[in-house]
Amino acid sequence: MARALNESTACRRHHVGPIPRQFTHGMAGFPFLSDTRFLQLPVAEPRHPYVVAGLPWDGSVTNRPGARFGPRAIRTASHMLCDATHPLFDVSPIGQAGDAGDIVLPHASHAAMQQAIQAAAIRLLGRHHTVWLGGDHSVTLPILRALRQRHARPLALLHFDAHCDTWPDHFGEPSGHGTWVREAVLEGLVDPRATVQVGIRSAAERSARDFVVDRGGQVWTSRALRGLDGSMALAPIEAEIRRCLSGGRPGDPPPVYLSLDIDVIDPGFAPGTGTPEPGGLSTSQVLTLLEDLFDLPFVGMDCVEVSPPYDHAELTASVAATLVWTYLCGRIRSKKTPFAP
Ligand SMILES: [Mn+2]
């Protein structure tokens, strides 16, 4: 049986290789791997400028697990987007994007997970602008390591989250889903002066809450954004975000990575997540920011922490699919000029 699963092209076709042999032996049939594709895109090929890849890992959560099922739920929800032509950007990822499937990851080893993701990211980034579907937020650090290596300079970081993820440890362990921002700064993967956090609101001691601000970056708390919706209201904040992400070098801005924890959205709009925090941003607030900032020099995105067991009516997966689709269409639109949304 194990042999049949391992050698089944139907099972292996959508998985990204090469995969370390110890992770694939007898494991190609993990029940949580995605068996459908984002936007019903074709399997990724070298001709696709953009790809989507799943990271079904939730071994690093603080509270409720389930994010390993996120990639599958986001892909399924994306099918409601039909022909995927974006009403604002008037482009569709279809024809330009493929789905690289899920990266097969170990069940329990955090270090092995990081190594597997970094190796897969280095391979994919050589050919594609990649959007990652999490998975808990610990998947972002190995992606940043790969991007830092590829671009040979610290990245700018645009981070949407209810949580600052700058804690010095993960409840006694050195790394988890709440430590990656701090680790990325201390490793020199991201420039803290070109780091912007949006939607932060969870309980946290001051040293963690202000970690980014203390190093020259920006934090826009959920409270600071209350009542601000639509492009007119958000324009001054968008200008500040742009200024920060340029890293003080408008003529040579650093590449920007977008990391979007779905728990930045209020649990009323997106309940299916492991560590919900009431009082969050509305879906339209986050959409406005993504739409208006579409022309930043992005080099990648992740959407993490969708936990389908806690979702209702596919609300959370639908929000995640829409945000990823909006990002992809914004990237495609940014290659066409002129455009004024
Ligand atoms: Mn979070």
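This is a predicted model: local features need pLDDT of at least 70, side-chain atom pairs count only at pLDDT 80 or more; totals for chains, interfaces and linings use all residues.

Reader: Which residues of α4 are buried?

Author: The buried ones in α4 are Gly70, Pro71, Arg72, Ala73, Ile74, Arg75, Ala77 and Ser78.

Reader: And what do the buried residues of α4 pack against?

Author: They pack against the strands β1 (50-55), β2 (97-102), β3 (129-134) and β8 (298-304), and also against helix α11 (315-334).

Reader: Switching topic, at what angle do α5 and α6 pack?

Author: Helix α5 (residues 110-125) and helix α6 (residues 140-151) pack at an angle of about 40°, and their axes lie 8 Å apart. Because angles under 35 degrees count as roughly parallel and 65 to 115 as roughly perpendicular, that angle makes α5 oblique to α6. The crossing of these two helices, α5 and α6, is right-handed.

Reader: Which residues meet there, in α5 and α6?

Author: From α5 they include Gln114, Ile117 and Leu125, and from α6 they include Leu141, Pro142 and Arg145. By class, the contact of α5 with α6 has 9 nonpolar, 3 polar and 2 charged residues.

Reader: Now the whole protein: how many helices and strands are there?

Author: The protein has 11 helices and 8 strands, and buried residues make up 52% of its 341 residues.

Reader: What is its radius of gyration?

Author: The protein has 19 Å, which agrees with the value near 20 Å that a compact globule of 341 residues would have.

Key:
Residues are numbered from 1 along each chain as its sequence is written. Axes are lines fitted to C-alpha atoms, for helices over the stretch in contact, and angles run from 0 to 180 degrees between N-to-C directions. Helices (H or I, at least four residues) and strands (E, at least two) are DSSP runs, numbered from the N terminus. Angles under 35 degrees count as roughly parallel, over 145 as roughly antiparallel, 65 to 115 as roughly perpendicular and the rest as oblique. A crossing is left-handed if the near helix is turned anticlockwise from the far one by less than a right angle, and right-handed if clockwise. Two residues are in contact if their C-beta atoms, placed from the backbone, lie within 7 Å. Ala, Val, Leu, Ile, Met, Phe, Trp, Tyr, Cys and Pro count as nonpolar, Asp, Glu, Lys and Arg as charged, and the others, Gly among them, as polar. A residue is buried if 20 or more other C-beta atoms lie within 10 Å of its own, exposed if 12 or fewer, and partly exposed in between; C-beta atoms are placed from the backbone. The radius of gyration is taken over C-alpha atoms; the globule rule is 2.2 Å times the number of residues to the power 0.38.
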